[in-house]
Amino acid sequence: MEESARNLILAGEISGFLHDLGKLHPGFANENLAGGANLSEQAKKQAGINAAHGAILESGRIYPDAQELGDDRPKLQTCLDRLLNHSGWAECLRLPEEWTKPETISVTGLGAPLRQHHAHADFPKDQLSLLGDLYSFAADIRDSALDKGSSGTRRSKQSSEHASIADSFGRLQRAYGPEILRVLWAKVPEALEMLWVDGAWRDIGTTRRKLYDRLGELFRQALGETRRPTHDVTLWHHGFSTASHFKAALAEGVLRRDFGRWQDAKGLFDLAHMGQIRFRLLGIRWDWRELTRQAFRPVTLVSLIERRDEVIAAIRDLVEDNYPIGNLIYQDDDGVLILAPGFYESDPGESERLFSEHVLDPLQNRLTQCVAAFGPGTAYRLYWSEPTLYLTDYAEALGFDPETPRQRFAQAGEAELRSLWQKAPQDYPGQQIHICPQCGLRPAPTRELALAESSVSQQSLCDFCEELQSEEARRDRFATAEGLFGFRPRTFNLQDIVKERGEGNRRVALISVQVDARAIANGSALITQLARPASELEENRDGWSANGLGDWFQQLLEDLRQGNVARLKGFDPIKDDSGKRKESPAARQARGLIGDGYWLNSKDGRVTDGDLATRSLQIAKQFYLRETRHLPENLALYRHDGDRLALFAQRKHASPARLQRLWDDLRQEWRELLAEIAGRTEDYLMPLSLDAGGIRFLVTASDATEAIATVHRHIGDKFNKVRGGLAPQVSCLVFRDKFPLYLGLDAIYRMERRIPCLPHQVWTLREKKELPNQLLEVHWQTPQGPVVWTVDLKTGDPGQADIWHPHVIRCRTAAGETVTGPDRLTHLSALQPGDSCLIPPATLDFLVLEGSARRYQIVYEAREGQLVRPHLVFGALGQAIGLLEQFDAMTTLVARTGWNPSQVKGLQGEMIELYEKWVRDVPEALRDTGRAAWRTHLEAMLGRYLPGKEQALLREEVLEAVLNARFFDAVEWSTFICKNQQPVNG
């Protein structure tokens, strides 16, 4: 790519990132918080711009006013003047004449997107640049159309006294308001000063990195949208997302060497064909589990994480700077996703050819070089989505579909790997050669081990794997871990940790805390977070419920499909008393209900073929209906396509900006969780991995109870508002300190396989209690027993409870009536005792590994709405995976019986022996009667050992725990895993 072309793309990205700079001004908060003055009309008259924050560069600006721009703020005036006009940046942003139509207007500085993204019809026509329009219609609305779902709703505005920025889980994160912005706005001239330093526009890659570093802190303290509940997306996330869209669009024009195809006869952006600009997700994905499954030592994992970050940094430099086709918008242990240009053509084959020619082919060899940092022979794949108007293909990119044609498989350092094998006899003369037992790819010398030698510590590895656990790596691992995880572990030696912290217990616990990243990416985990509840819609003049809204949309879809002329005519513009054309009430209602200002509009250029009905149906298919394609049908959230439109209208959307915010928040939550556990274990914690999906770490078995209890508390505190959709999963493996780590990793990965397969469970509301400080206590009866949630309904405003986040899927009323359609989405406060709901379970599964064979029993089977795996006592009949919410009850169960160790051992032995004789080892025909007899015997046994009315509830709890195998788990945990801990009396 030519240097001038690269500069054009990077300068355009910077200009897009700065498009909402006006939202840092305190006037933005004053105007947009409840009680503020509506300055839109004034901005239209004075500056030809619809929003005051978009007019800060105009002579007719509302803010900053003349007093603010007086002699005491010369740097601010200079900064704004240079954003409007700057010859150096204007030259970088100049489009070659041969790529555009003759009347194309060039930009005069970095402020074109800022000026034009809210340009009104009165904006000076001679200043309407192509790039400013391109940003407005091919970048900003591609994120905002998904993000700003709170528009057109009641009670969404925040008050100036209690305004805040929320996190992705609906919790108050920090205060927000004019005073906060006044501090941030004062820092803007200094933060942008580096843009005007001579040479900044000649080394734009360096300038771009410095700008993001300087503005990142400011933008993260401001909002892209002030209304609830979309005040979780910060100005940083909105700005970066839209800048990424703009960058990809510019890259396509540059690589095609043709912007004219997007212009009208006057050289302006052709709004009638804005659907030609589309985007793709480009994934560079490897298999982290395969890379780490055979790791022999904890230091190997830390070294691999460091290599992972090196690989991702190299990919970022390549695609964001050196060959700038887009930005990384997601990363995890398994790779990255890039927002890339779509190269959309009406002929799909031509579209694929162009994308391959301009993106895949030029990048693949260089991407292979990036991935080679993992070692020669590392396999990876390229995945790319279809060109779409709005990016909703995250789930496909994160998953693996062997049938899709849009992927390539590659192996980094393939030639080097072959050379290593060819040279192996010369490199290791006189020695036997085997495949390295850690990577399973490269050659290593081998010899026969003596009986006293350990295959883990004495086995020879390839040179690359030896480097991962070299003396240098061991020296650096503490500093590396501190940078990666936020704290400095005491040790990375399993023998040391149990010696110093194990209290005589030589076992360690490998713990994994994970969320289903694909369910988040496809929006399924967000379905219970409503940005626009049906009752809150201003255009819902008839008071429809969510199902009523769905029925209205369904009738509209039928009219569109049948070409109902009378109905469609109602969407045509009408003339007011002065003869001016304006939107019809029917069109305004339709767009207000769906939350999209372009739908059913004859000027909607996203789809160009066909009449109004055909185009509107195409948008519904490609955008609104596409968002719900991953929702499990058994949730019964829609009866017809109209319901799917109603769900689109109500929900928070998995837009690029919101997902980036959510990934960031999740990573921060996992860091905080690790730090909390480290504090409770005096830093005797070995972190092994951290990404948006979760964490894995090692503690002593003696600390396992405290570690998982901390996980439980943390999740209950942080995720309580969104627990109806987001369910973290905990897995725990316990093994001796000299047990091979790679076997533990293999087993924990097997346990994590259950996460995307977990079905929703039917939970019944027993009771709910309103507690002080806007807390709601919810008591559930679950298939595994009682569970209590404490849900925080606060918003930061004492006068406004959270009506958006704490929803669940109600499937049946207390009267036994089945609920269907979007009406199933029910706020927790609206539930009645006896209501049944579909809840994603947060589960805990644990296993003790005494040998390598038991890990092969980690196989899950769906049975009666639960996941079941073989159990040590129940055998193939198995046990249902337990709930994380019941962890405390399980770990204290044995202590609460008051039985001494001898009694526990004797009673458990009798229970198991009779189960084997009467249930497990009898013919199938006799099992039901045998199980009934076993239960009767258990009741009698517990009556003797837990006598009296005062212990009736405990007897019932223990009986149920024996029948569902939880009792045996409790005994194993209390007397074997944490055997040296003092019992906790509940």
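Residues are numbered from 1 along each chain as its sequence is written, and side-chain values use heavy atoms, with hydrogens and water left out. Because the model is predicted, local features need pLDDT of at least 70 and side-chain atom pairs count only at pLDDT 80 or more, while totals for chains, interfaces and linings use all residues.

**Stop 1: two cis peptide bonds**

Most residues other than glycine have a negative phi, and most peptide bonds are trans. Select Tyr63 and Pro64, which are joined by a cis peptide bond with omega of about -5°. Pro64 sits in the loop between α3 (40-47) and α4 (74-84). Helices (H or I, at least four residues) and strands (E, at least two) are DSSP runs, numbered from the N terminus.

Next, select Arg228 and Pro229, where a cis peptide bond is again found, with omega of about -5°. Pro229 belongs to the loop between α10 (204-220) and α11 (235-256).

From there, move to Gln800, in the loop between β18 (785-792) and β19 (807-812). Not counting residues up to four places away in sequence, Gln800 touches Arg228, as well as Arg155, Gln774 and Thr795; contact means heavy atoms within 4.5 Å. Gln800 is buried, with a relative accessible area of 7%. Buried means under 20% relative accessible area, exposed over 50%, and partly exposed in between (1.4 Å probe, protein chains only).

**Stop 2: Thr206 in α10**

Select Thr206, which lies in helix α10 and is partly exposed at 25% relative accessibility.

**Stop 3**

Select Leu600, in the loop between α24 (585-594) and α25 (612-624). Leu600 is not a glycine, yet its phi is positive, at about 60°. Is Leu600 buried or exposed? At 2% relative accessibility, Leu600 counts as buried.

Continue to Ala636, in the loop between α25 and α26 (641-650). Ala636 also has a positive phi, of about 50°, although it is not a glycine. Its relative accessible area is 23%, so Ala636 is partly exposed.

**Stop 3: the enclosed helix α29**

Select residues 741-752, helix α29, whose 12 residues should span 16 Å at 1.5 Å a residue; the end C-alpha atoms are 17 Å apart, which agrees. The expected span of a helix is 1.5 Å times one less than its number of residues. In α29, 12 of the 12 residues are buried, so the helix is largely enclosed by the rest of the structure. Among these buried residues are Asp746, Arg750 and Glu752.

**Stop 4: helix α32 and its buried face**

Select residues 927-945, helix α32, which has 19 residues and reaches 26 Å from its first C-alpha to its last, close to the 27 Å expected at 1.5 Å a residue. Which residues of α32 are buried? They are Arg927, Gly930, Trp934, Leu938, Met941 and Leu942. Seen down the axis of α32, its buried residues fall within an arc of 105°, so they line one face of the helix; the arc is that of the directions from the helix axis to the C-beta atoms. An α-helix has 3.6 residues a turn, so residues three or four places apart point the same way.

Turn the view to the face of α32 away from its buried side, which carries the exposed residues Asp928, Thr929 and Thr936. The buried residues of α32 pack against β25 (875-880), α31 (901-920) and α33 (952-963).

**Stop 5**

Axes are lines fitted to C-alpha atoms, for helices over the stretch in contact, and angles run from 0 to 180 degrees between N-to-C directions.

**Stop 7**

Finally, display the open sheet of 3 strands, ordered β23-β24-β25 with antiparallel pairing. Two strands pair if DSSP finds at least two bridges between them. β23 (861-863) and β25 stand at the edges with a single partner strand each, so one side of each is left without a neighbour in the sheet. Neighbouring strands of this sheet are turned by 50° against each other on average, direction ignored. β24 (residues 866-871) pairs with β25 over 3 bridges, and the bridge partner of Arg869 in β25 is Gln879.
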